[in-house]
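Subject: Structure handover

Hello,

Here is the structure for you to look over. My notes follow below it.

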Amino acid sequence: DHLHDALTEEPGSHVALLMIGLNRSDRLAALADDPLARQALVETARRVRSVLRPGDLYCVCSINEIWVMLDGLASSAVATLAATALRDSLSLPVSLTGGDGLVHTTRIHPAIGFAWAPTGTGIDVRAMAYRANDARDGASRSDPRILGAQVGGDESVQLAQRRELETALRKALPSGELDVYLQPQVCLVS
């Protein structure tokens, strides 16, 4: 319902649906009813929450899937940045304490796909979910990465996303939102 409401808002902003597939280690997946798996899921939800803005919604659908809805976006670049931050946060090792007192470490390899659409265009919620799912499935078939799909978009979505990100970065530098540091490269031979 929240996604439908966001898609039918007045035109002028965008909404994104991110589908996160949690490709856990085989051991953790086998322990779905184990307290360690529950600890991992709680930690995963905490990490998702820490990346999101106030008002963003997320739903833990299963031990292997989380959905996130971002509303009021100025562009798809914001969804790309959020997906990147989620991927980075979720990719960090997870330390779990077992009933035996031993600490077990595992990794989660998230596959994140998203669909984004302008508000007020009457886009179907199911179509958006299918596009996000397709993008996520594409990410899970290769290295963990982020694929974006614009509902109702064309082939140039990735190019448009890159341009929007470039524009946002160019504006961030003079406004003091971004600092650039130089890392000199030295050739040891010369």
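The expected span of a helix is 1.5 Å times one less than its number of residues. Helix α3 can be held against that rule. This is a predicted model. In it, α3 covers residues 35-51, which is 17 residues. The span from its first C-alpha to its last is 25 Å, close to the expected 24 Å.

Overall layout

The protein has six helices and seven strands. Along the sequence they follow the pattern α-β-α-α-β-β-α-β-β-β-α-β-α. Of its 190 residues, 38% count as buried. Take the contacts between residues at least 6 apart in sequence: 67% of them join residues at least 24 apart.

Ser 89 sits in helix α4, residues 76-91. Leaving out residues up to four places away in sequence, Ser 89 touches Arg 47, Ser 50 and Val 51. Is Ser 89 buried or exposed? Ser 89 is buried, at 14% relative accessible area.

Salt bridges

Side chains of opposite charge can pair when their charged atoms come close. The count here is five salt bridges. Three of the pairs are described below.

Start with Glu 43 and Arg 46. Their closest N and O atoms are 2.7 Å apart. The two residues are three apart in helix α3, so about one helical turn separates them. Arg 46 is partly exposed, with 41% relative accessible area.

Next, Arg 136 and Glu 65. This salt bridge has an N to O distance of 2.3 Å. Which parts of the chain does the pair tie together? Arg 136 lies in helix α5 (residues 125-140) and Glu 65 in strand β3, so the tied parts are 71 residues apart in sequence. Arg 136 and Glu 65 are both buried.

Then Arg 87 and Asp 88. Their side chains meet at 3.1 Å, N to O. Arg 87 is partly exposed at 24% relative accessibility. Asp 88 is partly exposed too, at 41%. As for shared partners, salt bridges join Glu 43, Arg 46 and Arg 47 into one network.

Cysteines

How many disulfides does the structure hold? The number is zero. Cys 59 is in no disulfide, and its nearest cysteine sulfur is that of Cys 61, 3.9 Å away. For Cys 61 the nearest cysteine sulfur is that of Cys 59, again at 3.9 Å. Cys 59 is partly exposed at 41% relative accessible area. Cys 61 is partly exposed as well, at 39%.

The loop at Asn 64

Where does Asn 64 lie? Asn 64 is in the loop between β2 (57-62) and β3 (65-73). Its relative accessible area is 38%, which counts as partly exposed. The C-alpha atoms of Asn 64 and Ile 20 are 8.2 Å apart. Along the chain, 44 residues separate that pair.

A nonpolar surface patch

Which residues make the nonpolar surface patch? They are Leu 169, Leu 173, Leu 178 and Val 180. The patch comes to about 340 Å². Leu 173 is in the segment after α6 (157-172). At 44% relative accessible area, Leu 173 is partly exposed.

In brief

The Arg 136 and Glu 65 pair is buried and ties helix α5 to strand β3. Glu 43, Arg 46 and Arg 47 form one salt-bridge network.

Best wishes

Notes
Residues numbered from 1 in each chain as written. Predicted model: local features only at pLDDT ≥ 70, side-chain atom pairs only at ≥ 80, totals over all residues. Heavy atoms only, no water. Disulfide = S-S within 2.5 Å. Buried < 20%, exposed > 50% of the residue type's maximum accessible area, 1.4 Å probe, protein only. Helix = DSSP H or I, 4+ residues; strand = E, 2+ residues; numbered from the N terminus. Contact = heavy atoms within 4.5 Å. Patch = residues over 30% accessible without salt bridge, like charges linked within 9 Å, V, L, I, M, F, W, Y side chains within 5 Å. Areas by Shrake-Rupley, 256 points an atom, 1.4 Å probe, with all protein chains shown as cover. Salt bridge = Lys/Arg side-chain N within 4 Å of Asp/Glu carboxyl O.
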